[in-house]
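Thanks for coming, everyone. Please have a look at the sequence and the model on the screen, and then I'll walk you through a few places in it.

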Amino acid sequence: MLKPIVMLGSAGILVASTLGLSVPGSLGSNPLMLLKQLPEVDAEFNQAFCGEFLGNTNAMRVGFAVDPLKSDPEIQEFVANFLNGNESPETIELNTVFDTLQEQFPGAQYLAANLVSAVSRDELLAQLTSWDELAHPEFHDASTSVIKSGRRLVALSVLSRRIPEFTVEAANQGGGRFFNRCPHCNSVHALDLNRKSKTLILSCPDCERPYDVLAADAKGMMRRAKDFLTGFQVPGVGLIDASKDKKENILLIWKQVADRCTYEHDLSDFNESEVWKTSDDTWVQKQGDCEDTSILLVDSLISAGYEARVAIGWNGNIGQHAWVVVKIDGEQYVIESTIQDNPGLADLVPVKDASPFYRPEQLFDRQYLYFQNDSPDKVAMNYFADSAWKRIN
Ligand SMILES: [Zn+2]
């Protein structure tokens with residue numbers, strides 16, 4: 001009885017294939033076989049069997065110029081428990097093995113499994129060793145366990161390769177392949193990090209929704225968008241001055257930023273090859289482009305007690321763009337942070353007037369990233385509604 005199945009990743013990393021080797025056999029159908037004495041199947045047997053299987057496999061892999069397989073102790077334990085915990089091990093569905101494995105080891109993005117049964121140790125080893133997938137270079141580990149079931153020996157073998165979970169720290173130590181769990185639909189998928197892109201919007205291949213925005217800072221280190229807001233405060237401007245009009249207050253802050261920072265015009269305003277600046281860097285360097293000045297202004301507005309967010313998205317005249325949105329007494333205003341020339345009250349544009357041209361796709365403040373949770377028309381009319389924007393920690 002042979003039941004090999006191959007499953008490679010959940011995000012189309014490699015083409016999945018099912019080997020058509022299923023040979024259903026009735027257990028104990030050969031009366032001669034019943035007379036054979038089965039060995040004692042204990043830990044010692046398992047260790048020796050796995051050692052021999054791995055030895056044979058690696059000798060074959062060397063011949064194909066493929067790196068040898070190791071054992072993955074945690075998956076090894078899983079395989080043994082899975083086999084031992086099953087009442088009829090010879091009928092184990094390999095899809096259940098995959099599902100349970102990926103539940104417990106989300107980084108196991110490359111998997112193949114094989115279930116074989118035989119009436120002798122030699123036959124079991126021969127069946128398992130004839131498995132085509134053993135030569136596959138994408139697998140790094142082999143984990144096998146044997147159990148006695150009635151008058152047959154049953155072996156479950158799993159080939160695997162685990163990839164690390166995505167973190168900004170890991171990404172900064174070098175690109176490569178990571179796994180991640182989508183905060184929208186909870187599915188686990190693999191992602192390849194191409195470090196040539198300085199700005200990354202990570203999206204889920206299953207629900208197709210973006211869930212993270214990362215950019216390289218001036219030193220080339222990746223940060224989450226929100227971490228570019230460093231708690232900057234414009235000198236001389238404290239919390240909202242109750243004696244002043246709130247809009248006038250905002251203008252005071254905006255003018256300081258506009259007067260100090262020269263707008264650095266890129267060919268393309270907001271693009272993937274661009275480095276972002278923290279609010280401190282833009283203030284110190286006295287220049288920045290749309291996302292840099294938006295980050296600085298939002299950080300300064302938050303320090304002054306305002307609810308403000310950086311919006312990235314599409315501007316009908318410019319293309320990919322970044323701007324500011326601020327909330328004053330329930331009213332929301334778009335601020336075009338690239339305006340340099342003495343901004344006035346008329347430059348605080350109510351979102352309903354701005355919405356035909358400013359189409360936000362992601363928002364962020366110091367704490368959170370926000371992703372569209374409603375139609376493009378609705379999100380462009382309300383940058384602060386929980387119903388329109390899904391907050392991600
Ligand atoms: Zn998703």
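Predicted model: local features only at pLDDT ≥ 70, side-chain atom pairs only at ≥ 80, totals over all residues.

**A tour of the model**

Let's begin at N186, which is exposed, as 10 other C-beta atoms lie within 10 Å. Numbering runs from 1 along each chain as its sequence is written.

How confident is the predictor? pLDDT is its confidence in each residue, on a scale from 0 to 100. The protein averages 86, and 88% of the residues score at least 70. Please be careful with residues 6-35, where pLDDT stays under 50; the model has 48 contacts there beyond four places in sequence. A contact here means two C-beta atoms, placed from the backbone, within 7 Å.

Now the overall picture. The protein has 11 helices and 18 strands. Those are DSSP runs, numbered from the N terminus: H or I of at least four residues for helices, E of at least two for strands. Of the 393 residues, 37% are buried. Among contacts with a separation of 6 or more, 59% join residues 24 or more positions apart.

Back to N186, which sits in the loop between β5 (176-181) and β6 (188-193). Its phi is positive, about 70°, although N186 is not a glycine. E208 is another case, with a positive phi near 60°. You'll find E208 in the loop between β7 (199-203) and β8 (210-216), and it is exposed, with 10 other C-beta atoms within 10 Å.

Is V213 buried or exposed? With 23 other C-beta atoms within 10 Å, V213 is buried. Its C-alpha atom is 4.5 Å from that of I201, 12 residues away along the chain. Leaving out residues up to four places away in sequence, V213 touches I201, R224, A225, Q362, F364 and L369.

Which residues bring α2 and α5 together? Helix α2 (residues 43-63) and helix α5 (residues 121-129) pack with their axes 10 Å apart, at an angle of about 40°. Axes are lines fitted to C-alpha atoms, for helices over the stretch in contact, with angles from 0 to 180 degrees between N-to-C directions. The two helices are therefore oblique to each other; under 35 degrees would count as roughly parallel, over 145 as roughly antiparallel, 65 to 115 as roughly perpendicular, and the rest is oblique. The crossing is right-handed, meaning the near helix is turned clockwise from the far one; left-handed is anticlockwise by less than a right angle. F49, E52, F53, N56 and T57 of α2 meet R121, L125, L128 and T129 of α5.

A second pair is helix α7 (residues 246-260) with helix α9 (residues 290-303), whose axes come within 10 Å and cross at roughly 145°. This crossing of α7 and α9 is right-handed. I250, I253, W254 and V257 in α7 face T293, L296, L297, S300 and L301 in α9.

Let's zoom in on L296 in helix α9. L296 counts as buried, with 31 C-beta neighbours inside 10 Å. Beyond four places in sequence, the contacts of L296 are F232, V257, C261, S279, T282, W283 and G288.

One last stop: E361 in strand β16 (residues 358-364). E361 is partly exposed, with 17 other C-beta atoms within 10 Å. Leaving aside neighbours within four places in sequence, E361 is in contact with I312, G313, W314 and Q372. Happy to take questions!

Definitions and conventions:
pLDDT = per-residue confidence, 0-100. Buried ≥ 20, exposed ≤ 12 C-beta atoms within 10 Å, placed from the backbone.
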